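Hello,

Here is the structure I promised to pass on. Please open it first; my notes follow below.

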Amino acid sequence: QIIESRGKTGKVSGFDIKDNDGSLRGPWNAMISSSPEIGACIERLAHACRHNNSCPAELYECGILVIAAKKRSNFEWFAHEKIALKVGVQPETIDDIRQLRFHNPRGASDAQKALILYTDELDRTHRISDSTHSAALAALNHSEKKLVDFVWTIGLYSQIAFILNAFNVPLPKDAPNPSFL
């Protein structure tokens with residue numbers, strides 16, 4: 001199931017989930033081989049975050065990139081930089097996120113800026129100030145559901161970054177290193 005659903009997602013995003021030798025790229029070896037019961041649960045959550053998310057993709061992809069940059073998760077960055085570009089995040093916004101410049105990233109919409117700051121604050125302090133919460137809600141048309149979906153998504157990708165980093169999951173051979181600051 002993971003190979004089928006992620007294989008489709010990967011192809012749309014411009015990469016295959018399998019290497020030439022047939023081994024899986026990304027977090028899927030740990031999810032399928034080492035801990036299939038927990039991995040299956042995480043994949044169901046990931047599927048929901050991708051296909052049932054009320055938050056616009058251009059916003060949650062900014063959040064995922066913030067997590068990838070802050071956690072220095074090369075594979076997560078590799079996968080989601082391409083997706084972010086496809087959903088309309090500007091290249092200069094992506095570059096500023098990669099360089100950990102979260103305040104006024106170039107090319108970002110006001111909504112993207114609010115959610116980039118929200119992700120940084122939550123990851124850095126493990127809390128959200130009233131002003132940051134209000135700004136994020138306003139960016140999401142005061143939809144609590146969209147904000148909850150956003151937080152589930154960035155939380156999931158924090159978890160995936162930990163798996164990728166803990167098991168030193170490499171980039172595909174042809175992928176550029178993101179060179180985080």
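Start with Asp149. Asp149 is buried, because its relative accessible area is 13% and the cut-off for buried is under 20%. Keep in mind that this is a predicted model. Asp149 sits in helix H9, residues 144-166. Its side chain makes a polar contact with the side chain of Ser54, at 2.7 Å. What else does Asp149 contact, leaving aside neighbours within four places in sequence? The list is Asn52, Asn53, Ser54 and Cys55.

Next, a helix pair. Helix H5 covers residues 74-86, and helix H6 covers residues 91-98. Their axes come within 10 Å and cross at roughly 155 degrees. Angles over 145 degrees count as roughly antiparallel, and H5 and H6 are therefore roughly antiparallel to each other. The crossing of H5 past H6 is right-handed. From H5, the contact is made by Trp77, Glu81, Ala84 and Leu85. From H6, Pro91, Ile94, Ile97 and Arg98 take part. By type, the residues of this contact are six nonpolar, two charged and no polar.

Now H6 itself. Which residues of H6 are buried? They are Thr93, Ile94, Asp96, Ile97 and Arg98. Among the elements that cover these buried residues are helix H4 (57-71), H5 and helix H7 (110-125). Ile94, Ile97 and Arg98 are buried, and these residues also belong to the contact with H5. After H6 comes Leu100, with a positive phi near 60 degrees.

Best wishes

How values were computed. Residues are numbered from 1 along each chain as its sequence is written. This is a predicted model: local features need pLDDT of at least 70, side-chain atom pairs count only at pLDDT 80 or more; totals for chains, interfaces and linings use all residues. Side-chain values use heavy atoms; hydrogens and water are left out. Helices (H or I, at least four residues) and strands (E, at least two) are DSSP runs, numbered from the N terminus. Buried means under 20% relative accessible area, exposed over 50%, partly exposed in between (1.4 Å probe, protein chains only). A polar contact is a pair of N or O atoms within 3.5 Å; within protein, one must be able to donate a hydrogen and the other to accept it, and residues adjacent in sequence count only if both atoms are side-chain atoms. Contact means heavy atoms within 4.5 Å. Axes are lines fitted to C-alpha atoms, for helices over the stretch in contact, and angles run from 0 to 180 degrees between N-to-C directions. Angles under 35 degrees count as roughly parallel, over 145 as roughly antiparallel, 65 to 115 as roughly perpendicular and the rest as oblique. A crossing is left-handed if the near helix is turned anticlockwise from the far one by less than a right angle, and right-handed if clockwise. Ala, Val, Leu, Ile, Met, Phe, Trp, Tyr, Cys and Pro count as nonpolar, Asp, Glu, Lys and Arg as charged, and the others, Gly among them, as polar.
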